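Me: I am new to this structure. Please show me how to read it, one feature at a time.

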Amino acid sequence: MSEFKSEFLKVLSERGFIHQISDPSGLDALCAKETVTAYIGFDCTAPSLHAGSLVPIMMLYWFQQTGHRPIALMGGGTTRVGDPSGKDESRKILTPELIEDNKAGIRKVFERLLKFGEGPQDALLLDNAEWLLSLNYVDFLRDIGRHFSVNQMIQRDSVRLRLEREQHLSFLEFNYMLLQGYDYLEIYRRTGCRLQMGGSDQWGNILSGTDLVRRLENTESFALTSPLLTTSSGAKMGKTAAGAVWLNEDQLSAYDYWQYWRNTEDADVERFMKLFTVLPMDEIKRLAALGGSEINDAKKVLATEATALIHGREKAGEAAETARKAFEEGQSAEGLPTVEIAKTDLESGIGVLNAFVTAGLCASNGDVRRNIKGGAVKINDKGEPNDKRQLTLDDVTADGVIKLSLGKKKHVLVKPV
């Protein structure tokens, strides 16, 4: 649909968030005439969400900014089952205590980006453990299960792909779409919610919910999904060689988060600015038009604006300044990530391979060797050609650290303690 009337769908469309909508004209008309409630579910499988989760979070952000009420649904119940969507194997079953800890960590991001309260457009935080953990299994099968067709369920991508590959799919996981469909029904009954959003891998699960609401409540509800993102080179969004790009600072420093966005591929700058910043579209188009080396200026703006959303403007500015000092002035820069190593270890010497792996700059000893051969490894800003090199207390600078660098953009300080 080329021309939306509602502000919400206009914003999502021009910023590249829309993959599929169950009834585009119906949802557009609804959003244009009244305050709508929508939800997105987030299972609690880790103590923090990562950059790959930012698209759905930003969808909730824009939903609220355009006059509607968002719901962030914590999967305290469904996390105990595990969503098979996009997975090649069963999820590890987490203890209730670990799920609670993870919920507390995930909540921090919602509190930064959404306004919670009692008003008609204020966000709600719900947990499906409230209604799922007390379900009576026989009653659930009779009242809910009879509305689900196994013929349709096995055609959902999340199930079909696992079956085609002859990979194990437990009955526990097979039940997941029933639970997700029931979530939609329960949230509709509690809040009047008419829209569920999510990634495109959730399309089948969301449609199961819209169908259930229609059957049991005689009400039309809607599904909206965003494209699953990869970088222009095909890498999965929110992943690096060193691991996931976490949103919580106790999992990943604001500086490392800034660096992740600074290292965006040239071809992704405009797309990522639309999705992961709140910059006006005119400004995004101006920055995206920069050519040659000036594209690096656009990447710095992307990094600072994306970091400000998650970590605050002050820490984003500090990360940008730390990077400027480290790269443009060649300084050691106090704000760089720091790894502490026992002074006694440096007295006897630490191999350069071990040091770079410990610092998280390389994934393995072989990775360090390859980077040494490629001239990318530096110690205290000097190229290091010897993979047998030992770091000792003699390498500690006047700042009290050893600066390890991989290429021009990745730096870690080793601090003896």
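Reply: Start with the surface. The chain exposes about 19400 Å², and carbon and sulfur atoms supply 48% of it. Such areas come from the Shrake-Rupley method with a 1.4 Å probe; for residues, only the protein chains shown count as cover. This is a predicted model: local features need pLDDT of at least 70, side-chain atom pairs count only at pLDDT 80 or more, and totals for chains, interfaces and linings use all residues. Residues are numbered from 1 along each chain as its sequence is written, and side-chain values use heavy atoms, leaving out hydrogens and water.

Me: What share of the 417 residues of the chain counts as buried?

Reply: Buried means under 20% relative accessible area, exposed over 50%, partly exposed in between (1.4 Å probe, protein chains only). Here 51% of the residues count as buried.

Me: In what order do the six strands of the open sheet stand?

Reply: Strands of a sheet pair through backbone hydrogen bonds, either parallel or antiparallel. Strands are DSSP runs (E, at least two residues), as are helices (H or I, at least four), numbered from the N terminus. Two strands pair if DSSP finds at least two bridges between them. The order is 1-6-5-2-3-4, with mixed pairing. Strand 1 (20-21) and strand 4 (124-127) are at the edges with a single partner strand each, so one side of each lacks a neighbour in the sheet. Strand 5 (residues 195-199) pairs with strand 6 (residues 222-226) in the parallel sense over five bridges. There, M197 stands opposite L224 in strand 6.

Me: How many residues of helix 15 are buried?

Reply: 13 of its 17 residues are buried, so helix 15 is largely enclosed by the rest of the structure. Just after helix 15, G312 takes a positive phi of about 95°.
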